[in-house]
Structures are given as structure tokens and as C-alpha cells.
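Look at the sequence and the model before reading on.

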Amino acid sequence: MKIWRNLFLFTGACVLSSYCASGLYQLHNNNREKKISHFTMIPEPMARAMTLEFPGITSDYLMLKTLTYMGERIMKDEELTPDEWQMIYQTLVQISNLDPRFIDPYIIAQMSLPWDAGMVEETNILLEKAAKILTNDYRPYFFLWYNHFKFLDNPEKAAYYLEKAAAIPGAPPYFSTLAARLNLYAGKTYAGVVFLQEMIKETNDPALLKSLRRRLQALQKIGFLEQKIQKYRKRYQVFPKELQELVDKGLITKIPPDPYGGKFYIMENGRVYTSSNLVLQKKGKK
Amino acid sequence: MNSILPIAVITFKEGLRRRVLYGVMVASLLLILFAVLISGLFMRDILKVMVDICLSSISLGGLLVPFFLAINLLAGDIENRTIYTLLARNISRSSYILGKFLGLAMLTGIIIIILMIATLVAIYCATLIYPAHNFLHFTLSPLFISTLMAFLGVLVLNSTVLLWCSVTTSSFLATLLTLSTYIIGHSVEDVVRFMNLKNTGVEISPMIQATAKAVLYIFPNLAAFDLKQQAAYSLPFVSQEITLLGLYGLSYISIMLFLAIFFFKRRDLP
Amino acid sequence: MSIFSCNQIHKSYQTGCLKHTRKKALTDVSFQVKQREVFGIIGLNGAGKSTILKIFMAFVKPDKGTVSINDQPVASKGSHQSIGYLPEHPSLYPHLSIKEHLQFGCRVAGLSAQEEKKRIQTALETVDLTEVAKMPIRGFSKGMTQRAALAYTILLKPEILILDEPMSGLDPLGRQLVLDIIQEYHDRGATILFCSHILTDVERICDRIGIMHQGQLVSVVTADSLDKDYVSTSTKGSQTPLEHYFLNTVRTEIS
């Protein structure tokens, strides 16, 4: 009798506790905190002091939190507000303060901030810091090249960084000739494809990979359309007014869909944009 | 069963005699001074900083019990054989476990109450020193609720200490297990959330997914009992959350005590 | 009717960091102790004396065999209603006073406040610790601690006493005190089970003596037969009858 009563009580407690555990989990899921960690707000020297001998693991933990925060948004296809981006930037800075050799925050910064938040200058500050510390890594300079080339329209500075990146052992050999092959007019889309392909090699986080792949897909489609437009221009000496003309003239079979859910259209200079919120186009203008 | 209270009292007394109260009082004096002075260094959110410091101290003070006192009082009881003194008195082992838990709860309670008083004194002092506009939004209830939940969280940790001490003979191992429980308890939710996130993306082994789920249910979600942020910003509490937390804490404690009694009953005390 | 009874008990402890080695503590031990009897267990260190007492206290469970007190299996409810147990290294809570220990004992038993006061006073007077009743145990000497533990043991005037090395670490005065208490309880009709390796003390107070060697109860003798045995065989005047018998028994076992 007593055993059965105890067993019953025990099972009851287990069920109740599981119910509450999942209830709390759901509740926390629904009204997420608006902060990644309050640790971010603490000035650098104090943060270093507070982590005692554990700055490494603290930075890992903050990184995990940041990825979770961003990942949730990417999964739900929600856009982050400028405040949230600012917070993510602050967290990444703090992570790099705690553990400057940790490459992840720099990569995450590069993959998101300039594109989605237009925070090119801020990213470059982080990257300069990374380049100074990670002297054997070509990536910081590579990113700096890309940012200057793509976002800041500064080919001279961009070339300078590309040279630096190419000089570092381990850099892909085509870097040294890349600068010469790119001209500002047609090169941006191609540079973007190169950049994204490099990034995808680096990434194994599924959420980010998903967003990178989508961006690459969009860029490749734009590149493909622009190429066809050039062909059209060679043939007819004018840019087409609408993409439909490419189909009508048999250059393409149909207009590819925008992975971001918008519609592609042609600007007067023959470049392709999209009506979707393809952040790449919108935020890229500076 | 009527021996539970005497055991609780004797545990409580023995705990207090270890100069705990002196320590806590000195700490709370320092806390008042520190909180009042350091919050002056901040420009805007004086109240927030004060509440942060005070509530963190309360949590830290509460954590003294599971990490130092409880293990000393429980594992020490078995190691030094003082447990014979109790069990020789026709006391069942379940009463022993329950009495010990109650005694530890009383110790935790008194420490938290002292620190709470210190907190109130500190805030009162601050209202005298700093301009009044800092304290416009101040209400006591979030402070109390958050402290109550911190107390419950410490009790949950106490109950796991009881379980660890009843399965292992070594106080070192018990400390280690408690520390792991604490760390897991504070990070499990974030980790599970991160893992669940990955599930929707590329393939991740269902084993890891299941493990993460299991860990969430098996280990206490201690982070959930941490409501310091809400209190610091005087945010309204969701009553559903508080109810769930209360039920969760109580049911989890009962499970731990059940298991502790189960193992303790089957164990030799050589 | 036997107060203590154990039947073919076996016990082994698992040792080593992986609990891989089993160390035999008791092998096939059976004996009975009748009411009003003083039963002493003697043996070398590590012979398993304490383990038997702990099994009777239900601190340790035997691997095999049955154990009962007052014809009730140990560990059942109420089997330990009226037992006083003195552990081998009596460890009281170092930060509490002897009075607080005694209070605890009374409260668990559910005594009234008046009764509590009376019992505490009697116990303290018996062991002569009234003056230090409020001092924490920490400051006590070994002998005082032992006496304090004894006060705690006899607090409720138990009918059954289990004493594990009650005389160890005591000065002659303290030893006499313990002997007196045992004698007093014996006269009052209590049943006493105890173990010791101070043979002269055992000899003085025991009705029956069990000799343990390497986990086995090798011999049980009555105090009376011991004397006869000694007179008829012994030539060694320097030994008491029990010493002579014990050494003989143990030597036979070893060879």
C-alpha cells in the first residue's frame, strides 16, 4: 500500500515538474528578453576582471547567446531593429575584448552587420582589430577588402587590403589577381559571389548557412541577369526596359524568382535590383 | 515524523554556530556601504544599480548554504559519524532527510532575511543621499517576489545537495556534483534553445536533440528562478510565470527528496 | 525470550575505487542474547565487532541472514524504541553543547518540558558534566566527549544498551564510571550488548562472552565456565582467565 502511494506521489511530482519545466520554457520562448546579456554593458577592463580566469569560456557563452538570438530571428524571417543590431555589435565587441583571438565574432560581424544593418564602419573597426591580432589569418583583410570595395566604393583602399590578404600564407592563390579582374562597374556582383563562397566554406552554423546560401543564390541570379543584359545591349545597343524583354528575345526562358520573395527589375544603368527587401541592395547604398 | 522538527532545529543551530551569522552580518554591512557608494558613480539608473547589487548579494548569500554549509552538515554528518547520534534515537531515515532539508531551508531563510533587511536599509539610505527623481518608479513588491524566487531556487539546489550526499560518501564528490548541477541549471535553457534552433536548419542527430530535451527536464532550470532583471527595472511580473515557478520549485524539490530518501534508505552507514 | 538475535549473518564491504574488491567483514555469525544478560564481544582490531553492533542498529544491512531485536526484525518500525547506542568514536556536533544534544534527544521522544528538564539533569549528574553543560563539545577532552556521549546514550533510561568500545580513551576514573553505569543498568534488568578489547573490563561485567576472529564468532563462553577452565588448566599466573582463554582461542585459529 505504502509503496503504491509513494509511487503515485512520485509520479505525480514528476509529471507536475515536467509540465512546469516545459511551461516555463515556452513562456520564456514567447517573451524573450530584449537583451543578450547584461555583461555586454560592462566596460572592458572591468569585464576582464570579473571573468577572473575564465574569459575564454565567458566569450564562448556570449557567442552562443548571440547566435541563438540572431538564429531565432533568422528562422522566423524577422528583421532586427537598429537597436538590436547595435546590441549585437556591442556583444561582439565585448566577446572580442574578452578573447581577441576568437575568430567567430569577427566572422559573424562580417556576415551580418554590413549587410543587414548597414554598420560597415563599425564592422571595419572590429576587423582592423582582428587583423592586428590574427596576423596569420587572411580573412580580416579579405573582409576589409570586400567592405571597402562593395560598401564604401573605395577601390584604392580595397586593393590595399586585398594585397595584404594575398600576402598572408594560406590565402587562396587567386586573391593576387582578383583586384585586377574587378572593375567597380560590373565587379560588385561577382565580388559578392566570391565573398559569399568564401564565407560558406567557413560556416557550419545551419541558421547562418541558410541565410548565406539564400543571399548567394540571389546574387548569382542577379549576376546571371546582368550578364544577359550585357548580351542584350551588345545585340541591340540599348538596355532593355524590362526584364520581360529578355524573355521575349529568347535570351532567357523565364525571369527567375527572387529568393527573398520580391521581383527583379532593371535600373537605367543596366544593373538588376529587386523589389524585395533584399537588404544587400538597400543597405549597400551609401 | 514528529522528529523532523527537532532534526531541523539541531541542523539549524549547528549551522548557525559555524559563525555563519557573523559572516552574513558583516557582509550585509559591507553590502549597504558598497551599494550606497557605488551607485553614486552611475549617472542615471542609480536605483537599478542598487537593486542589482543588493539582489546579487542576496543570491550569493543564499548560495553559501548549498555550497558550504549543506555539504558540511550532510556529508560531514556521515563522515564524522555524527549521524549515529541522530539515527540512534529511533529516527527513520526519511525523517532524517526531511529534517535536514527543513533545517537547511531555515538557514537559507535567515540568511536571506538578514540580507533583505540590509537591502532595504541600503535603499533607504540612498533615498536620503541621492535626488528623489531616481526613486520615482520604485516599488517593493518586485523586490520581494524576486527574493522569494531566489530563495526557492536555493531550496531546489539544497534538495539536489541532499540527493548527491545520499548517493555518494565523499564530500568532495558531493561538492563537485552540486557545482555541476548549478552550472548546468543556469545554462541548460539557453543550450536547449540553441539546439532546438539548429533542428529546423540542417540535419542534427536526433540523439543530441533528445539528450538536450532530457537534460532540460532532468536538471533543475535554475536560471528560471533568477528574476533580478525584472526587479531591477521594476517590470510587472507575469502571474502565470510566478505560479509555474512556484509549482516547478515545489514539485522538483519533492522529487529530489523522494530520490534522496530512496537511496539513503538503501545505504550502509559504516 | 531473546532480546538480541542474529542468525547466520554474512556481510562484506566493497572497497577500492571501482568497488571491485569485496572485503569480508562477517561470516556466518549467529547468537542470541537473553533478557537481563550482559553480552560482551571481544576480538582483535578488525575482527568485525563493531559491524555486528551496527547491524543491530540497522546502520548496516547484512548481505544474508536475519537480525531481530525484541523479536522484531531490525529497521522495522518501533524495533529501536528503547535502545541506547554508544558509537565507537562518539562524535557529537562540535558546535553544540551537551545540553542541546540532550534536549534534542528528549524532543524526539516527545517528552514534556518538565520531564525533559528532569531527565537532562539526571543524565548530566550521572556522568558528572553539569558544570560544562552549556559549553560546545568542541572544547571537550576525549574523556569528556566520551562521557557526554554516554549521557546522551542513557538519557531515556533505555532497557537495551548497545555500547561500542565504551571504555576506550577514558582515564581510570572514567572507566570506573562506565563500569558503574553498566552495573547499575544490569541490576535494573537491562540487556546490554557491548564490545571491547580491554579484556579485564569485559571479564568483570559480562555474563557471557563471544570471541570474534576474522569475521567469525569462534567461541561463546559464560563467565563462570571460564573460571573453572582457568583453574584446571592454566599455569600462567600473569594472565587473567579471560586473557588466557582469548589468547588460546585466537592462537588456535591462526595456526
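In which loop of chain C is C:Asp71 found? The loop lies between strand 4 (64-69) and strand 5 (72-73) of chain C. The model is predicted, and every value below is computed from it.

Most residues other than glycine have a negative phi. C:Asp71 is not a glycine, yet has a positive phi of about 65 degrees. With a relative accessible area of 52%, C:Asp71 is exposed, because exposed means over 50%.

C:Lys157 is another residue other than glycine with a positive phi, in this case near 50 degrees. C:Lys157 is placed in the loop between helix 4 (142-153) and strand 7 (160-164) of chain C. Its relative accessibility is 38%, so C:Lys157 counts as partly exposed.

## A helix pair in chain B

In chain B, helix 2 (residues 46-79) and helix 5 (residues 140-167) have axes that come within 10 Å and cross at roughly 20 degrees. Helix 2 of chain B is therefore roughly parallel to helix 5 of chain B, since angles under 35 degrees count as roughly parallel. The crossing of helix 2 of chain B past helix 5 of chain B is right-handed. In the contact of these two helices, 19 residues are nonpolar, five are polar and none is charged.

## A buried threonine

Helix 3 (residues 82-87) of chain B holds B:Thr82. B:Thr82 has a relative accessible area of 4%, which means that B:Thr82 is buried. Not counting residues up to four places away in sequence, B:Thr82 touches B:Gly76 and B:Asp77 in chain B, and C:Ser91, C:Leu92 and C:Tyr93 in chain C.

## Nonpolar cores

The largest nonpolar core has 171 residues, and C:Phe4, C:Phe31, C:Ile41, C:Phe56 and C:Phe194 touch the most other members. Helix 2 of chain B gives the most to this core, with 19 residues. Leaving aside neighbours within four places in sequence, the contacts of C:Phe31 include C:Phe4, C:Ile41 and C:Phe56. C:Phe31 is also in contact with C:Ser5, C:Cys6, C:Phe39, C:Ile52, C:Leu193 and C:Leu217.

A second, separate core has 64 residues, including A:Met63, A:Trp85, A:Met119 and A:Tyr138.

## Chain A overall

Chain A has 13 helices and two strands. It has 286 residues, of which 51% count as buried. Among the contacts in chain A between residues at least 6 apart in sequence, 59% join residues at least 24 apart.

Note on methods. Residues are numbered from 1 along each chain as its sequence is written. Chains are lettered from A and ligands numbered from 1 in the order in which they are written. This is a predicted model: local features need pLDDT of at least 70, side-chain atom pairs count only at pLDDT 80 or more; totals for chains, interfaces and linings use all residues. Side-chain values use heavy atoms; hydrogens and water are left out. Axes are lines fitted to C-alpha atoms, for helices over the stretch in contact, and angles run from 0 to 180 degrees between N-to-C directions. Helices (H or I, at least four residues) and strands (E, at least two) are DSSP runs, numbered from the N terminus. Angles under 35 degrees count as roughly parallel, over 145 as roughly antiparallel, 65 to 115 as roughly perpendicular and the rest as oblique. A crossing is left-handed if the near helix is turned anticlockwise from the far one by less than a right angle, and right-handed if clockwise. Ala, Val, Leu, Ile, Met, Phe, Trp, Tyr, Cys and Pro count as nonpolar, Asp, Glu, Lys and Arg as charged, and the others, Gly among them, as polar. Buried means under 20% relative accessible area, exposed over 50%, partly exposed in between (1.4 Å probe, protein chains only). Contact means heavy atoms within 4.5 Å. A nonpolar core is a set of buried Ala, Val, Leu, Ile, Met, Phe, Trp, Tyr and Cys residues joined through side-chain atoms within 4.5 Å.
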